[in-house]
Amino acid sequence: MTHTTALSASSRPRRTTLALALCVAASLCTGAARAQTAAPKSRQTPLTLAQAQPQTPTQGQTFEEEIVPQRYANNPDVDGFINDMVARYDFDPTALHALFASANYSATAVKLVTPSPVPGVKNWRAYQARFLDPVRINAGVRFWRANQATLQRASEEFGVPPEVIVGIIGVETIYGRYMGNFRVLDALTTLAFDYPNTPNRAERMATFRKNLEDYLVWTRDAQIDPSSVLGSYTGAIGIPQFLPSSIVQYAVDYEGNNHIDLRASTADAIGSVANYLRQNGWESGRPVVWNIATDAGSLGIAQAAADGKPEPRWPLSQLLRSGLVLDQPDVDVAAEAGTPVTVIDLPSPGRGTEYKLGLKNFYVLTRYNRSFFYALAVYQLGMRVKAQMLATQPGVGVGPANGNGGNGGNGGGNGNGNGMNGAPNGTGTTPPGQQD
């Protein structure tokens with residue numbers, strides 16, 4: 001029998017998060033998407049699932065989460081999974097059976113990861129406005145000021161600029177304000193064993209099953225009650241919205257207390273985001289994007305070369321020989337001739353598609369969330385926050401910009417981050433495994 005959770009005045013945090021989730025589902029028609037890699041060091045290959053979806057608060061909109069209690073008690077698939085966990089990780093079978101008997105099927109999570117039957121209309125300008133709003137920018141300034149020493153330390157240790165770390169955390173959860181209120185056990189169990197019928201169902205179920213496996217190992221080793229952790233409807237956790245497999249591989253104790261806590265420690269969140277980017281290939285001191293001139297010839301070349309793939313593969317010299325012109329006067333074209341780039345296309349209804357060139361660091365941002373919209377929104381939000389920091393507090397040790405974003409913070413200019421496929425912990429995204 002299907003039940004709904006009661007949402008009373010005393011349950012406002014849960015009600016708010018569910019409203020956010022509904023907003024995310026509705027925003028699928030805007031066509032954002034997300035994807036990630038994550039794998040415990042010695043026992044997993046990279047995964048392609050969203051960290052989560054960046055969440056956008058919605059006022060006055062609530063709904064009840066639909067659940068089915070005890071669906072996973074005496075479930076043959078779950079029993080097989082339990083046997084595997086006992087054999088591989090020496091879990092107590094009685095304890096695991098009791099745990100899964102308490103797990104709920106979340107019909108809400110299934111609805112939110114199910115792609116819309118109607119193809120969405122991609123809208124970069126609407127997506128950009130959602131994440132480069134005054135609320136996030138002002139919150140980003142406060143977050144940077146409160147954590148300036150930690151951000152600087154992470155930048156020096158991992159080679160990732162403070163503004164990029166600030167941009168990711170701002171897009172993901174508005175600096176810890178919206179971290180999700182689904183039970184992670186319910187979300188992961190539901191999606192591991194009851195993923196909706198989509199073309200990539202087998203791959204998605206395998207990915208969520210691996211995250212469920214890592215979640216149980218992580219909570220056991222960290223002495224955390226696995227039924228107590230809350231997160232996004234895909235099981236992403238904490239300030240940076242890491243899936244359990246990313247926690248296992250990339251999370252670090254940056255507070256120095258011999259305990260990793262991405263839910264409450266901003267230091268651990270900052271260090272873990274920086275480590276994630278470095279481990280995925282961040283190039284210290286290199287640009288993220290270059291601007292393209294807006295003449296018809298340049299736009300035509302950009303349109304022809306835009307294939308939606310985030311991996312840089314076009315040598316800059318090849319695009320320039322074809323007639324594309326950079327709007328980036330600080331670039332040494334001769335020195336950068338062999339630099340591989342990808343063409344970022346940013347469509348918006350009712351106006352011409354905007355284009356930029358993405359470099360290796362842009363690609364790394366799409367490893368956090370496989371979406372052009374997401375990656376550019378992260379970069380531009382960080383640059384907006386940095387600009388406001390410098391304007392209000394000159395000389396505060398913000399440090400030099402990491403590369404040429406040009407006027408990337410100018411609202412998209414001529415020249416996003418899932419999103420990974422544009423999804424879970426971020427609004428305006430699409431279900432795991434998809435891409436803008």
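Trainee: Which residues in α5 meet α16?
Mentor: In this predicted model, W124, Y127, Q128 and F131 are the residues on the α5 side. They meet F373, Y374, L376, A377, Q380 and L381 in α16.

Trainee: And how do the residues of that contact divide into nonpolar, polar and charged?
Mentor: There are 8 nonpolar and 2 polar residues, and no charged ones, in the contact of α5 with α16.

Trainee: At what angle do the axes of the two helices cross?
Mentor: The axes of α5 (residues 124-131) and α16 cross at roughly 40° and come within 10 Å.

Trainee: Is the crossing left-handed or right-handed?
Mentor: For α5 and α16 the crossing is right-handed.

Trainee: Okay, new topic. What is the order of the strands in the open sheet?
Mentor: The open sheet has 4 strands, in the order β6-β9-β8-β7, and the pairing is antiparallel.

Trainee: Which ones are the edge strands?
Mentor: Those are β6 (289-291) and β7 (314-315), each of which pairs on one side only.

Trainee: Which helix packs on the sheet?
Mentor: That's α16 again, spanning residues 372-392. Helix α16 touches β6, β8 (340-348) and β9, and its direction makes about 95° with that of β8.

Trainee: What is the bridge partner of N291 in β9?
Mentor: N291 has K356 as its bridge partner there.

Definitions and conventions:
Residues are numbered from 1 along each chain as its sequence is written. This is a predicted model: local features need pLDDT of at least 70, side-chain atom pairs count only at pLDDT 80 or more; totals for chains, interfaces and linings use all residues. Side-chain values use heavy atoms; hydrogens and water are left out. Two strands pair if DSSP finds at least two bridges between them. Contact means heavy atoms within 4.5 Å. Axes are lines fitted to C-alpha atoms, for helices over the stretch in contact, and angles run from 0 to 180 degrees between N-to-C directions. A crossing is left-handed if the near helix is turned anticlockwise from the far one by less than a right angle, and right-handed if clockwise. Ala, Val, Leu, Ile, Met, Phe, Trp, Tyr, Cys and Pro count as nonpolar, Asp, Glu, Lys and Arg as charged, and the others, Gly among them, as polar.
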